[in-house]
Structures are given as structure tokens and as C-alpha cells.
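Please keep the sequence and the coordinates at hand while reading.

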Amino acid sequence: MNPYPYVVPADPSMYGMMGPMAGYCPMPMMNGAMPPMVPPKVTKTFPNCTLAAPPPGATVPTRRNRPNGCKTVFVGGLPEKITEEIIKEAFSDCGEISTVNMSKKNFCHIRFASEHMVDQAMFFSGYRLKIENKDEPAYSSRIHVDFAIARDDQYEYECMMRTLSREMPTRKK
């Protein structure tokens, strides 16, 4: 699977004679990492719900800094009639969902199988979630997606870092 689907085509035959980066002007890289890619804002329709793209120029809610090893997102501003199945359906395009923790106060936490899936889920911040395509307040609202600080994510990240630090001396040899 191509981790940067909005930048470089996954199929090499699509590169053309200019090479894989034809027409791509990268943003400055930080620490050698690829910059975040912004997909076009499009409306996504599912059997039980619709994620309507925000109008052009709409402000996106501010986000907190990304915690190390983050695999969990906070989704706030959910409609009253939301269910776990609808959440899984709406965020299924982002990747494999490990768990969904619903709250009675119109928010939830979604834990994904890997970190890059969180980046894809972040693009839905500012979208309008409509259940059964109804505009009533109980069935429709603008959602806010943000990074979540989860103990499980932090623990896995710390374990991975300890393992890497133990392997470093053997890798240098």
C-alpha cells in the first residue's frame, strides 16, 4: 500500500517520462521525514452515514501536538444518535480500527492498528457527519478530530524505544 497516495502514484507506469516526482513540489522536510499530505476535501457517502466536506475556506479546529507513538484519535462533536457501527463505518477508509470507546457526552476515542492511520483520520476534522442523510441536530453535526494521549500508545512506544536502544550496540557492529 502506498503511504503517500496523494503525492506519488503507487503504479510506476503512471510516472511518465519525468520520473516519480514530476509536478510535485515538496514542502521543506523536517528531520528527513515526508511532510504531511493534504488530500482534497470530498464528501464521502456510506450506507448509514455521510461525511460532508467543509466549505472551502472554513476554519479547521486547532489541534494539540502529536504524542509519540500515537495510534488513538479523539472525535468530538458527534450527533446524539451516533452508534459505534456508524463510527466504524465512517472511519473505515482510514485503516483497521482496533477499538472504539464511546462516551455518553457526544465524543469517542478510536484506536487504529498503526500510526499512519491516525494521519488519515485527522483529515476528517471539520467535516459534517450526517446519519441517514438527515439534517436534524440529533442526526447531524460538525466533528472535531484530534490526537489523543492514550496510555496504551505511550506504553507501546516506550517498549519499542527500549527494544531499539538495546539493539543499537549490536547494529553498530
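Asp146 forms a salt bridge with Arg64, with 3.9 Å between the closest N and O atoms, where a salt bridge is a side-chain nitrogen of Lys or Arg within 4 Å of a carboxyl oxygen of Asp or Glu. Because Asp146 belongs to strand S8 (residues 144-147) and Arg64 to the loop between strand S2 (49-52) and strand S3 (72-76), the pair ties together parts that are 82 residues apart in sequence; helices (H or I, at least four residues) and strands (E, at least two) are DSSP runs, numbered from the N terminus. Asp146 is buried, at a relative accessible area of 8%, whereas Arg64 is partly exposed at 42%, the classes being buried under 20% relative accessible area, exposed over 50% and partly exposed in between (1.4 Å probe, protein chains only).

The model is predicted, local features need pLDDT of at least 70, side-chain atom pairs count only at pLDDT 80 or more, and totals for chains, interfaces and linings use all residues. Residues are numbered from 1 along each chain as its sequence is written, and side-chain values use heavy atoms, with hydrogens and water left out.

By the salt-bridge rule the count comes to 10. One of them joins Lys88 to Glu84, the closest N and O atoms being 3.4 Å apart, and because these residues are 4 apart in helix H1, about one helical turn separates them. Another brings together the side chains of Lys130 and Asp135 at 2.9 Å, N to O; here Lys130 is buried at 17% relative accessibility, while Asp135 is exposed at 58%.

Turning to the rings, a search of the whole structure finds 3 aromatic pairs, rings of Phe, Tyr and Trp (its six-membered ring) being paired if their centres lie within 6.5 Å, with planes under 30 degrees apart counted as stacked, over 60 as edge-to-face and the rest as tilted. The centres of the Phe91 and Phe124 rings are 5.6 Å apart and their planes stand at 90°, so this pair is edge-to-face. Phe91 is buried, with 2% relative accessibility, and Phe124 is buried too, with a relative accessible area of 5%. Phe124 also forms an edge-to-face pair with Tyr127, at 5.3 Å centre to centre and 90° between the planes, and ring pairs thus link Phe91, Phe124 and Tyr127 into a cluster.

Finally, Met161 has its place in helix H3 (residues 151-172) and is partly exposed, with a relative accessible area of 36%.
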